[in-house]
Amino acid sequence: MTDNSPLGAGPTQPLRLGTRRSKLAMAQSGLVADAVSEVTGRAVELVEITTYGDTSREHLAQIGGTGVFVAALREALLRGEVDFAVHSLKDLPTAQPEGLVLAAVPVREDPRDALVARDGLTFEQLPSGARVGTGSPRRMAQLNAYARSHGLDIETVPIRGNVDTRIGFVRSGELDAVVLAAAGLSRLGRSGEVTDFLSVDTVLPAPGQGALAIECAASSADLAAALAELDDPYTRAAVTAERSLLAALEAGCSAPVGALADLLADGQAVNELRLRGVVGSIDGSSLVQMSTTGPVPTSHDDAAALGRELAAEMLAKGAAGLMGERAL
């Protein structure tokens with residue numbers, strides 16, 4: 001009987017990793033390719049795939065953020081054109097499609113947002129009327145709320161484009177600062193350009209921010225098992241709780257929702273998981289921010305239950321009224 005899974009193809013044939021073409025996606029996929037080569041003993045080749053999110057010039061909130069960077073990769077997986085794919089976990093819709101399996105969630109990078117501002121300025125040092133660029137309603141809501149509560153006067157400006165394009169707005173003087181994910185800058189070797197790391201007490205990241213998702217066909221059991229060696233159970237529990245909160249709030253990735261689950265240690269032993277969530281109006285005038293703490297989840301269902309529980313509390317406090325907001 002022949003083995004149809006990619007690992008049965010013999011050690012000479014490279015595994016095909018589907019990736020977006022952006023510099024960041026290629027950097028992330030390169031890191032995963034090296035790790036997969038190590039656990040499988042097989043060469044890995046990158047297969048570049050253009051997604052709708054890469055070609056559209058519209059703002060993410062307009063094109064319905066969720067899944068615009070993911071659909072083409074998943075279609076290639078289902079058609080058998082690639083063996084596995086790497087996504088930024090925060091781009092993944094919360095529903096797992098039929099026929100595909102989330103084989104691994106590796107150890108998470110820094111989940112924080114980072115400021116790249118002119119003249120080395122921190123967020124608190126931005127001048128009155130400073131123009132701060134971001135493509136994220138979540139960031140806009142929290143930055144505006146923080147500015148309001150600290151007597152700062154900023155204008156959040158919706159932007160699109162890759163890291164170079166966004167930082168270029170600051171270099172050209174068009175914007176005073178831009179906000180980007182710290183993890184992406186780190187993976188590109190550009191953390192040195194960050195002028196301020198935004199505390200998660202100020203801006204909660206997007207659910208899953210800083211984590212990668214490695215996906216393959218459910219029928220490729222051998223490959224899924226090999227990829228699972230790269231899975232980090234703590235990261236998976238944390239992002240499962242965050243994404244469950246997002247799903248229960250019925251929010252796509254263009255909605256102003258932030259979430260972060262972190263592990264609380266008592267001495268050396270990790271014994272609790274704290275989940276924080278926020279929903280806000282884009283102008284920052286209304287913010288529902290809450291947290292819950294529970295034992296470290298030992299199963300997907302436990303982690304998901306923590307997210308649903310916090311979402312229910314947030315909805316009871318008025319989060320639903322803030323969910324319909326979209327940037328421009």
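Modeller: Strand S6 (residues 130-134) and strand S8 (residues 177-181) run parallel and are joined by 2 bridges, where two strands count as paired if DSSP finds at least two bridges between them. In this pair, Val132 stands opposite Ala177 in S8. The model is a predicted one, in which local features need pLDDT of at least 70 and side-chain atom pairs count only at pLDDT 80 or more, while totals for chains, interfaces and linings use all residues. Residues are numbered from 1 along each chain as its sequence is written, and side-chain values use heavy atoms, with hydrogens and water left out. Helices (H or I, at least four residues) and strands (E, at least two) are DSSP runs, numbered from the N terminus.

S6 and S8 belong to an open sheet of 5 strands with mixed pairing, in the order S7-S6-S8-S5-S9. Strand S7 (154-158) and strand S9 (196-198) are its edge strands, each pairing on one side only. On average, neighbouring strands of this sheet are turned by 30° against each other, direction ignored. Helix H4 (residues 137-149) packs on the sheet and touches strand S5 (113-117), S6, S7, S8 and S9, its direction making about 175° with that of S7. Helix H5 (residues 163-171) also packs on the sheet, touching S5 and S8, and its direction makes about 155° with that of S8. Contact here means heavy atoms within 4.5 Å; axes are lines fitted to C-alpha atoms, for helices over the stretch in contact, and angles run from 0 to 180 degrees between N-to-C directions.

For context, there is also an open sheet of 3 strands, ordered S11-S12-S13, with antiparallel pairing. Strand S11 (257-266) and strand S13 (287-295) stand at the edges with a single partner strand each, so one side of each is left without a neighbour in the sheet. The twist from one strand to the next averages 20°. S11 and strand S12 (residues 269-280) run antiparallel and are joined by 10 bridges, and Leu260 stands opposite Arg276 in S12. Helix H8 (residues 233-248) packs on this sheet, touching S11 and S12, with its direction at about 145° to that of S11.

H8 also packs with helix H9 (residues 300-316), at an angle of about 40° and with the axes 7 Å apart. That angle makes H8 oblique to H9, since angles under 35 degrees count as roughly parallel, over 145 as roughly antiparallel, 65 to 115 as roughly perpendicular and the rest as oblique. Among the residues that meet are Ala237, Thr240 and Leu245 in H8, and His300, Gly307, Arg308 and Met314 in H9. By class, the contact of H8 with H9 has 10 nonpolar, 4 polar and 1 charged residues, with Ala, Val, Leu, Ile, Met, Phe, Trp, Tyr, Cys and Pro counted as nonpolar, Asp, Glu, Lys and Arg as charged, and the others, Gly among them, as polar.
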